[in-house]
Amino acid sequence: MSPLAIFFFFFFNLSLATNTIYNVQNYGAKSNGKIDSSKAFLSAWGSACSSTSASTIYVPRGIYLIRNIYFNGQTCKSNAITIRIDGTLLAPSDYNVIGNDGNWITFENVNGVSIYGGIFDGQGASLWTCKKSKKNCPIGTTALAFYNSNNIVMNGVTVQNSQMFHILVDGCHNAKLQGVKVLSPGNSPNTDGIHVQSSSGVSIMNSNIGTGDDCISIGPGNSNLWIEGIACGPGHGISIGSLGWESKEQGVQNVTVKTVTFTGTQNGVRVKTWARPSSGFVRHVLFQHIVMSNVQNPIIIDQNYCPNHESCPHQGSGVKISDVTYQDIHGTSATEVAVKLDCSKTNPCSGITLDNVNLSYKNGRAESSCVNAAGKASGFKELTSCL
């Protein structure tokens, strides 16, 4: 054996030796889907967290009932914890058990956590039914939440049937979500697929998202977001906002959304802000290489956002929208007006670019509508331009 081969042999085995595996079943987790395994998962986390070297929490095949879990990384010695899941994590079927807890599974102040595989099932259907009946129901929980965390990876994870949001990334830096599946019916209320706010360096790639609300929603305080290779539908599209509810609010900037297919969604790419004074802004945004298939509002800026049409402010949005580019967007609109730019009457949109945007309606030309919007348009074939 050559010296180089000997080096790699010992290096590989040393890596295995320094990566300790913590099997949740060794801590008492039961895979029958009937016995609460929350304490076992927390015990495995405690062991991995206290390790000074890389460690792996392993969840074997089976169904694990989880009431709710809070993983706190503030005192962790390890900054390389892998959670490898071959099974399914199941929320309680009774929505009252966790319905007012905010989140079902929470990670906070963690660094270097990677989750590979697994199914997170929020069992939210009974709560959705309660909400539709307009009874006195809990608000519901987010299935999987990350707060104030860095260097996060989610790969090959499925999150389904959440009571409310499926995945939340809040106050995080450098989070990579890849190969994620989000699955909920199109009529499930407030079930955003992935919501990102107050974060930077977040990428969401090669993922399939179908929900009853936004596939991806981008809240205040985000910068340097990269979204690519997404299949969205059913759902309400990919939205920046809603923004501008608070008078003092952080803006959104440097966002790229590319190579996305929207199928039968309420919206395609959307920016939505409340019509009230705010210090917020949206700038340096690129929507590129996007296919629309029977989408109700393929391209929309709505600065008079008021979803329930009750007590709407009507003051003029203070959120300044500038330097937004729509490039190579084609397909079919389910409504005649495929592009609707309804900008603020007090703070008009500027630097809007429509480049090679071609959307049809019923095999004919679709229309566009612009209010308080300035910019340029080129490369139109099947769409009339309002810029």
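Reader: Is Ser-199 buried or exposed?

Author: Ser-199 is buried in this predicted model. Its relative accessible area is 2%, and buried here means under 20%, so the residue falls in that class.

Reader: Where does Ser-199 lie?

Author: Ser-199 belongs to the loop between strand 17 (194-197) and strand 18 (200-210).

Reader: Which residues does Ser-199 touch, not counting those up to four places away in sequence?

Author: Ser-199 touches Val-169, Asp-170, Gly-171 and Cys-172, and also Gly-221, Asn-222, Ser-223 and Leu-225.

Reader: Turning to annotation, which residue does the UniProt "active site" cover?

Author: According to the UniProt annotation, from an unreviewed entry, "active site" covers His-236. In the model, His-236 is found in the loop between strand 20 (223-232) and strand 21 (238-243).

Reader: What is His-236 in contact with, leaving aside neighbours within four places in sequence?

Author: His-236 is in contact with Gly-212, Asp-213, Asp-214 and Cys-215, as well as with Gln-266, Asn-267 and Arg-270. For Gly-212, the side chain of His-236 reaches the backbone oxygen at 3.3 Å.

Reader: On to strand 25: why is it described as largely enclosed?

Author: Strand 25 (residues 297-302) has six residues, and five of them are buried, so the rest of the structure largely encloses it.

Reader: Which strands do bridges join to strand 25?

Author: Strand 23 (residues 267-273) is joined to strand 25 by five bridges, and the two run parallel. Strand 27 (residues 337-342) is joined to strand 25 by four bridges, again in parallel. As for individual residues, Asp-302 in strand 25 is the bridge partner of Lys-272, while Ile-299 stands opposite Val-339 in strand 27.

Reader: And helix 3, which residues are buried there?

Author: In helix 3 (residues 125-132), the buried residues are Leu-127, Trp-128 and Cys-130. They lie on the same side of helix 3, because they cover an arc of only 160° around the axis.

Reader: What follows helix 3?

Author: Lys-134 follows helix 3, and its phi is positive, near 60°.

Reader: Lastly, what is the average pLDDT, and where does it stay under 50?

Author: The protein averages a pLDDT of 94, with 95% of the residues scoring at least 70. Over residues 4-17, pLDDT stays under 50, and the model has one contact beyond four places in sequence for them.

Definitions and conventions:
Residues are numbered from 1 along each chain as its sequence is written. This is a predicted model: local features need pLDDT of at least 70, side-chain atom pairs count only at pLDDT 80 or more; totals for chains, interfaces and linings use all residues. Side-chain values use heavy atoms; hydrogens and water are left out. pLDDT is the predictor's confidence in each residue, from 0 to 100. Contact means heavy atoms within 4.5 Å. Buried means under 20% relative accessible area, exposed over 50%, partly exposed in between (1.4 Å probe, protein chains only). Two strands pair if DSSP finds at least two bridges between them. UniProt positions are given in the numbering used here, feature names are shortened, and annotations may be inferred rather than shown by experiment. A polar contact is a pair of N or O atoms within 3.5 Å; within protein, one must be able to donate a hydrogen and the other to accept it, and residues adjacent in sequence count only if both atoms are side-chain atoms. The arc is that of the directions from the helix axis to the C-beta atoms.
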